[in-house]
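Visitor: I'm new to this one. Can you walk me through it in short steps?
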Amino acid sequence: MQSVKIKSALISVYYKDRLEPLVELLKQHNVTIYSTGGTQAFLEEQGADVVAVEDLTAYPSIFGGRVKTLHPKVFGGILHRRANESDLSEREQYEIPPIDLVVVDLYPFEETVASGASEADVIEKIDIGGISLIRAAAKNFQDVLIVSSREQYDEVVELLKEKDGATELADRKRFAAKAFDISSNYDTHIFNYLSKEQDIHVFKQSVREATPLRYGENPHQQATFFGKLEDLFEQLNGKQLSYNNLVDVDAAVALGAEFEEPAVAILKHTNACGCATGENIKEAYLNALSTDPVSAFGGVIIANRTIDLGAAEELNKLFFEVLIAPDFDADALDLLRTKKNRILLKQKPVELPAKQFKTLLNGVIEQDKDLKTETEADFKTVTKREPSAEEKKALVFAAKVCKHTKSNTIVFATDKMMISSGVGQTSRVDALRQAIEKAKGFGFDLSNTVMASDAFFPFPDCVEIADQAGIKAVVQPGGSIKDQDSIDYCDAHNMAMVMTGVRHFKH
Ligand SMILES: NC(=O)c1ncn([C@@H]2O[C@H](COP(=O)(O)O)[C@@H](O)[C@H]2O)c1NC=O
């Protein structure tokens with residue numbers, strides 16, 4: 001049947017809000033409304049005539065509502081095929097009234113989990129009858145319209161108004177597809193909840209919020225962001241975040257989270273090209289910028305304190321893509337907003353997932369995020385010379401930036417700022433040479449600078465080259481069979497070296 005005039009509807013909703021216009025319309029079209037207890041009470045308050053589902057089934061709601069609509073009179077009314085003679089005669093035989101429209105709002109499972117409720121409370125929020133109603137009505141979209149979430153009410157009201165209380169097959173099929181989106185998303189959340197800490201290895205994600213991006217990594221690639229960015233950021237200014245912006249923002253948020261004291265990091269293509277702490281954000285920014293003011297052009301910047309006017313005046317001199325901060329003073333915001341494309345994100349204090357995954361080949365790989373950050377307590381001095389107190393602070397700083405830089409990497413830093421880095425090189429020696437060249441290029445004296453390496457030195461060449469460049473202290477994981485060669489070189493040249501035992505590859 002193409003066009004179906006709605007004569008009867010079953011409404012069973014957890015949250016009762018937003019229903020009024022739909023119910024008003026059904027009333028105008030003299031639609032018979034069946035409903036479950038709480039929904040019935042609400043609809044009657046709205047002045048609707050409602051038939052209780054209990055009266056239809058001649059059965060009460062039992063087990064505290066665990067069973068209320070699960071009955072052949074309800075499911076027969078939804079599922080019988082209107083164009084099938086046998087179904088129609090059975091329907092008559094068992095006195096099953098047809099149901100043309102089903103409106104459900106499921107028990108809020110996800111919300112209940114997020115609230116930290118007990119397992120018993122969470123289990124009670126697994127909707128059984130509602131999800132069954134959704135699946136049944138969606139399956140029979142030839143004859144029935146399924147409204148499976150509150151977000152769809154307005155659209156349905158418009159459709160019914162347009163068609164004078166009738167529905168069209170194409171619309172019913174579209175709503176059926178949406179219904180299975182809702183039901184599969186619901187089940188994914190239940191699965192993810194119940195399978196935690198269980199030995200069941202399947203990869204399931206259901207993210208329903210999709211933002212089409214202008215393009216992907218390059219203009220000829222299409223891209224979509226799946227997720228709810230507004231949970232993490234309030235965008236205060238600027239154009240839509242691009243694919244590359246999102247990738248850099250992700251890296252910036254991870255690096256920014258490493259620092260307690262006022263800190264600023266400037267990133268390009270996910271690597272820091274500047275990172276510094278300071279008495280305040282202005283000082284931290286100016287130090288971060290001084291590392292490599294050339295690369296900072298068009299970068300993504302993160303600060304871990306409110307942007308005040310002093311910081312904004314400096315930031316305003318730079319062309320940057322994105323600035324992330326926990327807050328912005330009003331006068332700072334006014335100034336930064338003078339460039340309309342500049343993206344300003346107010347970061348909300350939200351905990352991010354502890355797992356990460358990406359597609360590769362014909363599958364997905366998932367891993368724990370690298371959440372290990374070395375402190376001085378993790379340092380094991382392997383050389384005769386112990387690093388000085390100031391060197392130790394610098395080694396901690398260098399190790400933090402190193403952990404967030406693409407492998408192979410070498411990072412030079414003081415206790416307050418990154419001096420330079422070699423990033424994403426195929427050999428550690430190349431990374432080191434790049435770091436030395438960059439530092440020299442921007443006029444830095446490496447004699448007060450320490451070095452961090454994301455992985456062990458397979459040969460003593462790195463400490464030798466670093467020594468010749470003026471480096472006096474080194475942090476690295478250790479673990480090479482030739483560690484002793486590097487240690488011997490350091491001992492012979494008054495260098496201090498600490499090992500952490502933790503490698504920080506980043507691909
Ligand atoms: N058990 C059942 O047969 C059943 N049928 C519908 N529901 C749900 O009950 C809720 C509405 O209940 P009430 O109208 O009583 O407030 C809806 O969220 C609906 O999805 C049920 N509850 C859970 O499974």
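Visitor: Where is V502 found?
Guide: V502 is in the segment after β23 (496-499). Strands here are DSSP runs of E, at least two residues, and helices are runs of H or I, at least four residues, both numbered from the N terminus. This is a predicted model: local features need pLDDT of at least 70, side-chain atom pairs count only at pLDDT 80 or more, and totals for chains, interfaces and linings use all residues. Residues are numbered from 1 along each chain as its sequence is written.

Visitor: Does V502 count as buried, exposed or partly exposed, and why?
Guide: V502 counts as partly exposed because it has 16 C-beta neighbours inside 10 Å. Buried takes 20 or more other C-beta atoms within 10 Å, exposed 12 or fewer, and partly exposed is in between, with C-beta atoms placed from the backbone.

Visitor: Which residues is V502 in contact with, leaving aside neighbours within four places in sequence?
Guide: K372, E374 and P477. Contact means C-beta atoms, placed from the backbone, within 7 Å. V502 and G478 are 8.0 Å apart, C-alpha to C-alpha, and 24 residues apart in sequence.

Visitor: New topic. What domains does the assignment give?
Guide: Domain 1 (4-195), domain 2 (214-347) and domain 3 (376-499). The bounds come from an automatic or database domain assignment.

Visitor: How many residues of domain 2 are in contact with domain 3?
Guide: 15 residues of domain 2 touch 14 of domain 3. On the domain 2 side, α11 (243-256), β12 (271-277) and α12 (281-291) each give two or more residues. β12 has the largest share, six residues.

Visitor: And what classes are on that side of domain 2?
Guide: Seven nonpolar, six polar and two charged residues. Nonpolar covers Ala, Val, Leu, Ile, Met, Phe, Trp, Tyr, Cys and Pro; charged covers Asp, Glu, Lys and Arg; the others, Gly among them, are polar.

Visitor: At what angle do α16 and α17 cross?
Guide: Roughly 10°, and the axes of α16 (residues 428-441) and α17 (residues 461-469) come within 10 Å. Axes are lines fitted to C-alpha atoms, for helices over the stretch in contact, with angles from 0 to 180 degrees between N-to-C directions. So α16 is roughly parallel to α17. Angles under 35 degrees count as roughly parallel, over 145 as roughly antiparallel, 65 to 115 as roughly perpendicular, and the rest as oblique.

Visitor: Which residues make that contact?
Guide: R428, V429, L432 and I436 of α16, with D461, C462, I465, A466 and A469 of α17. By class, that is seven nonpolar, no polar and two charged.

Note on methods. Two residues are in contact if their C-beta atoms, placed from the backbone, lie within 7 Å.
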